[in-house]
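Subject: Structure handover and findings

Dear colleague,

I am passing on the structure below, together with an account of what was found in it. Please read the account alongside the coordinates.

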Amino acid sequence: MTAAPRQRPRTCVACREESPKRALIRVVRSPAGEVALDERGKLPGRGAYLCARPECVEKARKAKALSRSLKTEVKADVYDRLAERVSAHGDGEREREKREKNEAQKELRLLLGLARRADLVYIGVDSVKSHSGGEPLLILTAAGCSDSVKNTARGLAESGRHVYLDAPMDVLALSSAIGADRVQAIALPGRGGLADKIKTLIFGHQRDFFSMEGRAALEQNEGV
């Protein structure tokens with residue numbers, strides 16, 4: 001079977017960044033000279049593209065970028081409709097991200113619960129420290145935990161043996177997930193199926209919801 005040809009990226013007339021066609025909003029000048037938003041990206045005529053960002057709409061409005069690209073006057077109401085479309089797009093994206101974040105946190109709670117029931121979780125910073133001289137660990141701290149706990153976890157990971165991640169769960173959520181009280185830090189064996197699933201969850205499917213510090217830690221410890 002012949003593979004479908006890849007579409008070339010399009011350039012936003014405001015910021016001049018290239019993006020896939022589906023990620024941009026197309027504005028079209030029809031053969032009759034009318035300017036309209038092309039909701040499905042298939043209307044005939046000369047097209048111009050904008051990022052779905054308010055700043056790009058306003059930049060294009062001020063610079064009359066659409067008028068230059070389409071070689072015709074683009075009236076204010078077109079920009080008003082663009083602004084409305086971008087606002088609705090942003091609301092939808094935020095809702096989608098919220099749902100994905102909730103799903104990721106739910107799955108993380110499930111994985112931590114499984115690890116706890118399998119007696120694989122070292123609870124509390126003292127327990128994590130006492131086990132740090134043995135096998136490689138995956139160390140998690142709760143969001144909003146104390147600086148001293150974070151510094152301890154960070155220091156343990158500096159050797160390169162352990163991975164430290166700042167989890168997207170506060171103290172109450174982390175404590176609830178493992179059935180303990182007021183837990184700021186935990187660890188589990190870093191070379192195990194549950195640890196691998198947690199890493200995949202964090203850096204495979206939901207990487208935007210976790211700290212840059214945790215991302216760097218995993219990238220520096222890919223063998224763990």
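In what follows, buried means under 20% relative accessible area, exposed means over 50%, and partly exposed means in between, with a 1.4 Å probe and protein chains only. The model is a predicted one, in which local features need pLDDT of at least 70 and side-chain atom pairs count only at pLDDT 80 or more, while totals for chains, interfaces and linings use all residues. Residues are numbered from 1 along each chain as its sequence is written, and side-chain values use heavy atoms, with hydrogens and water left out.

Salt bridges

Side chains of opposite charge can pair when their charged atoms come close. Taking a salt bridge as a side-chain nitrogen of Lys or Arg within 4 Å of a carboxyl oxygen of Asp or Glu, a search of the whole structure finds eight of them. Helices (H or I, at least four residues) and strands (E, at least two) are DSSP runs, numbered from the N terminus.

One of these salt bridges joins Asp 77 and Arg 81, at 2.8 Å from N to O. Because they are four residues apart in helix H3 (residues 76-117), about one helical turn separates the two. Asp 77 is partly exposed at 37% relative accessibility, and Arg 81 is also partly exposed, with a relative accessible area of 34%.

Another salt bridge is formed by the side chains of Asp 166 and Lys 150, at 3.1 Å from N to O. Asp 166 lies in strand E8 (residues 163-170) and Lys 150 in helix H5, so this pair ties together parts that are 16 residues apart in sequence. Asp 166, at 17% relative accessibility, counts as buried.

The side chains of Arg 53 and Glu 17 also meet in a salt bridge, at 3.8 Å from N to O. This pair links distant parts of the chain, 36 residues apart, with Arg 53 in the loop between E5 and helix H1 (54-63) and Glu 17 in the loop between strand E1 (10-11) and strand E2 (18-19). Arg 53 has a relative accessible area of 29% and is partly exposed, and Glu 17 is likewise partly exposed, at 41%. Through salt bridges that share partners, Glu 17, Arg 53 and Glu 55 are joined into one network.

The sheet

Two strands are taken to pair if DSSP finds at least two bridges between them. There is an open sheet of three strands in the order E4-E3-E5, with antiparallel pairing. Strand E4 (35-38) and strand E5 (46-51) are its edge strands, each pairing on one side only. Strand E3 (residues 24-29) and E5 run antiparallel and are joined by six bridges, and within this pairing Val 27 stands opposite Ala 48 in E5.

The cavity

A cavity is here a set of points, on a 1 Å grid over the protein atoms alone, where a 1.4 Å probe fits but cannot get out, and its lining residues have an atom within 4 Å of a point. Grid points are joined across faces, edges and corners, and a volume is the space filled by probe spheres set on the points. The count comes to one cavity of 30 Å³ or more, and the largest cavity has a volume of about 30 Å³. Its lining includes Val 125, Lys 129, Ile 139, Thr 152 and Ala 185. Helix H4 (125-130) and helix H5 (147-157) each supply at least two residues of that lining, and H5 gives the most, with four.

With best regards

How values were computed. On a 1 Å grid over the protein atoms alone, a cavity is a set of points where a 1.4 Å probe fits but cannot get out, and a pocket is an open set with protein on both sides within 12 Å along at least five of seven lines; lining residues have an atom within 4 Å of a point.
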